[in-house]
Amino acid sequence: MYKVFGRQSGAAVKRLSDGSHRDTIADLDVTAAVIDVSFEVKPGEIFVVMGLSGSGKSTLIRMLNGLLEPTAGTVEVDGVDISALRKKDLLRLRGEKISMVFQHFALLPHRTVCENAAYGLELRGVPSAERERKARQTLELVGLGGWEDKLPHQLSGGMQQRVGLARALAADTDIILMDEAFSALDPLIRRDMQTQLLELQETLGKTIVFITHDLNEAMRIGDRICVLRDGRVAQIGTAQEILSAPANDYVERFIEDVDRTRVLTAASALEPDVMADPAAPLVGEDTPIADLYPSLVEADRIRVVADDGREIGSVCRDSVLAALTAGKENV
């Protein structure tokens, strides 16, 4: 997809598709926000789009929900090009297929918490009793049981964002778009919201596109991460893939300050052909490397098991060190 603002957007797309940087097309008097971005989000996946200010991520998410039409390319939901939909069909798609959680909560100040959570259902014409039931159910799910009759100003910032999340969940759409949803919160509440999102996802299995400028947030919650730079994709991969094999110098510099011990897991340090002594400690393949240290003080090797309980190899101090240093050399 491309999104270029300006009268000569077609000419700009041609030059950009030939490899021109957006700074070199200033003579066309256009703004190139998204350039040759392509990805597929899998059902039940948290797909994180991250980048610095001006990287194109906010424009991208507005194309994903049909607020902006691509200059070139398509946005397809279940094989349907949403830019080709009539207005009423697009509104129906947003109501039934895609919901959104905003950075600044976007709550209606004179409606109760329950009424805010039920708002998307109200727009779809769901009967009052049914939408209240669903709203109360999702508010309970996000930890706001007992707050249903309060007004937004009576809630903390973190609680208000939970209402926004409850509203998206109550709509029961397959896809949730989250635009810098936690960035207005203080660090402790932000981490709590990340934890809650991961816990809810374990149960609900929604398809989530999450926009953020925070790399640590992206690494923590993303099944896969798309790193944008100047409107283009710099790399798409899992947190471990990006840390272990950054695609270029930009990504390598970007990940310098990430706490690798919390992102990389036993799977990244695995030696599949080396089995430890049966008496050695046992950990799951998703155990963060930081949590392996106490056991590695006592044992030379740790056994590693997959989600289904199969023993798939082992890790040792040398393999952990190799995993932590992989990808840190110049690429």
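This is a predicted model: local features need pLDDT of at least 70, side-chain atom pairs count only at pLDDT 80 or more; totals for chains, interfaces and linings use all residues.
Close-up 1. Counting cavities of 30 Å³ or more gives 1. The residues that line the largest cavity are Leu165, Leu169, Ile176, Leu197, Leu200, Gln201, Leu204, Lys206 and Ile208, and by class they divide into 7 nonpolar, 1 polar and 1 charged. Helix H7, which spans residues 157–170, and helix H8 each supply at least two residues of this lining, with H8 giving the most to the lining of the largest cavity, namely 4 residues.

**Close-up 2. The largest pocket and the residues around its centre.** The volume of the largest pocket is about 950 Å³, and 31 residues line this pocket, with Leu198, Met219, Arg220, Ile221 and Arg262 lying nearest its centre. When the lining of the largest pocket is sorted by class, 9 residues are nonpolar, 9 are polar and 13 are charged.

**Close-up 3. Helices that contribute to the largest pocket.** At least two residues of the lining of the largest pocket come from each of helix H8 (187–204), helix H9 (215–221), helix H10 (239–244) and helix H12 (260–263). H8 gives the most to this lining, with 9 residues, and H8 is also the helix that gives the most to the lining of the largest cavity, with 4 residues.

**Close-up 4. The open sheet of 6 strands.** In this sheet the strands follow the order E6-E7-E8-E3-E9-E10, and their pairing is mixed. Strand E6 (98–101) and strand E10 stand at the edges, and each has a single partner strand, so one side of each is left without a neighbour in the sheet. From one strand to the next, the twist averages 20 degrees. Helix H2, made of residues 57–64, packs on this sheet and touches strand E3 (46–50), strand E6, strand E7 (175–179), strand E8 (207–212) and strand E9, while the direction of H2 makes about 155 degrees with that of E7.

Close-up 5. Strand E9, which covers residues 224–229, and strand E10, which covers residues 232–237, run antiparallel and are joined by 5 bridges. Among the pairs that can be followed in this view, Ile225 has Gly237 of E10 as its bridge partner, and Val227 stands opposite Gln235 in E10. The hairpin has 2 residues between the strands, and within this hairpin Asp230 takes a positive phi near 50 degrees.

**Close-up 6. The open sheet of 3 strands.** A further open sheet has the order E11-E12-E13, again with pairing that is mixed. Strand E11 (282–284) and strand E13 (311–316) are its edge strands, and each of them pairs on one side only. The twist in this sheet averages 35 degrees from one strand to the next.

**Close-up 7. The pairing of E11 with E12.** Strand E11 and strand E12, the latter made of residues 301–305, run parallel and are joined by 3 bridges. One of the contacts to look for in this view involves Gly284, whose bridge partner in E12 is Val305.

Key. Residues are numbered from 1 along each chain as its sequence is written. Side-chain values use heavy atoms; hydrogens and water are left out. On a 1 Å grid over the protein atoms alone, a cavity is a set of points where a 1.4 Å probe fits but cannot get out, and a pocket is an open set with protein on both sides within 12 Å along at least five of seven lines; lining residues have an atom within 4 Å of a point. Grid points are joined across faces, edges and corners, and a volume is the space filled by probe spheres set on the points. Ala, Val, Leu, Ile, Met, Phe, Trp, Tyr, Cys and Pro count as nonpolar, Asp, Glu, Lys and Arg as charged, and the others, Gly among them, as polar. Two strands pair if DSSP finds at least two bridges between them. Axes are lines fitted to C-alpha atoms, for helices over the stretch in contact, and angles run from 0 to 180 degrees between N-to-C directions. Contact means heavy atoms within 4.5 Å.
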